[in-house]
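This report describes a single protein chain for a reader who is new to structural models. Please keep the sequence and the structure in view while reading.

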Amino acid sequence: MALTSRRVLGTLCASAALVATTACNAQMVLTKQVEARRVASDLQVQFTRAADAANRSVMSDTDDDAKAAAREAEQATQAVLSDVSQLESILKSMGYSEELGFLDTFKGRFAEYQKLDAEILPLAIENTNVKAQRLSFGPAREAANAFRTALEAAVKMARPADASRVDALAARAVISILEIEVLQAPHIAEAEDAAMTRMEVQMTASEAAARKGLEQIKSLLPPDAGPQLTAAVAALDRFKTINTDLIKLSRQNSDVRSLALTLGRKRVLTAQCDDQLRGLQEALTKHTNPATR
């Protein structure tokens, strides 16, 4: 009788131990599932944050804003890499092959994404097209206005017999500078070198026409107009220097290039990364707590 009792007790203890072990294992699995979903969710958030910050860097109008957004994008990218490493370890420990497939595909796409960002973000920070635009709307316009003002003052000193011709020459000189101003905006927006070269040839011809007009006007005005003509020449020289700087910045095309890359291959990669992360999260939600099966 005592032997039978001991056997029954042993069986009960073994059963209890098995139940406890099963419950413990179920709890461990549940804990890992919850952690996997948490990390996968954070991975999605950090990737979205990285993509949004990178886009803001490209679209920023100031160097400071572009740099701040680029830093945010880099920080979010590091968070993505950290989440990927942590999630990969959890999924491997659970033997979740479908989820690992989604994560591996995401890793490959995200590696390409990072390479593009490494090219895009430095371009976004340079902001050369925005800087060229500021030169056009600011210093270049001021110099052009100073040229027109000085020339108008000089024209008023023309002798009656020469007034009509001087007026015509002055108008042509002012129009020549206006032609350069008009070409600045499309030059800044242009992505093709050949097209920019054609515009620069036109700018050079217009600047030469303005200088030729000044020389002709000078020959028709009395000596008293000397200070006004000197001011006009100085304004034209200043305008040329600013336009040269503007062309140099425009030629670098950092904003145009970064935007083209963002709207091109990177946009495709971003969508592909999002698809893999959504698939990963959907696969994780299919799993249920083993204790409730």
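Thr-128 has its place in helix 4; here helices (H or I, at least four residues) and strands (E, at least two) are DSSP runs, numbered from the N terminus. The model is a predicted one, in which local features need pLDDT of at least 70 and side-chain atom pairs count only at pLDDT 80 or more, while totals for chains, interfaces and linings use all residues. Residues are numbered from 1 along each chain as its sequence is written, and side-chain values use heavy atoms, with hydrogens and water left out.

With a relative accessible area of 3%, Thr-128 is buried. The term buried means under 20% relative accessible area, exposed means over 50%, and partly exposed lies in between (1.4 Å probe, protein chains only). Leaving aside residues up to four places away in sequence, Thr-128 touches Leu-249, Gln-252, Asn-253, Ser-254 and Asp-255, where contact means heavy atoms within 4.5 Å. Thr-128 and Asp-63 are separated by 65 residues in sequence and by 9.8 Å in space, C-alpha to C-alpha.

## Two asparagines in loops

Asn-127 lies in the loop between helix 3 (97-126) and helix 4. Its relative accessibility is 0%, so Asn-127 counts as buried. The phi angle of Asn-127 is near 55°, a positive value in a residue other than glycine.

Asn-253 is found in the loop between helix 7 (226-252) and helix 8. Phi of Asn-253 is also near 55°, and here too the positive value belongs to a residue other than glycine. Asn-253 is buried, at a relative accessible area of 3%. Not counting residues up to four places away in sequence, Asn-253 touches Thr-128, Asn-129, Ile-188, Glu-190, Ala-191 and Met-196.

## Helix 4 against helix 8

At what angle do helix 4 and helix 8 pack? Helix 4 (residues 128-155) and helix 8 (residues 254-263) pack at an angle of about 140°, and their axes are 5 Å apart. Axes are lines fitted to C-alpha atoms, for helices over the stretch in contact, and angles run from 0 to 180 degrees between N-to-C directions. Helix 4 is therefore oblique to helix 8: angles under 35 degrees count as roughly parallel, over 145 as roughly antiparallel, 65 to 115 as roughly perpendicular and the rest as oblique.

On the helix 4 side the contact involves Thr-128, Asn-129 and Val-130, which meet Ser-254, Asp-255 and Val-256 in helix 8.

## Helix 9

The 21 residues of helix 9 (residues 265-285) should span 30 Å at 1.5 Å a residue, and the end C-alpha atoms are 31 Å apart, which agrees. The expected span is 1.5 Å times one less than the number of residues. Among the buried residues of helix 9 are Leu-269, Cys-273, Leu-277 and Leu-280.

## The chain and its confidence

The protein chain has 9 helices and 0 strands. Of its 293 residues, 40% are buried.

The mean pLDDT of the chain is 89, with 88% of residues reaching 70 or more; pLDDT is the predictor's confidence in each residue, from 0 to 100. Where pLDDT is low, the predicted coordinates should not be read in detail.
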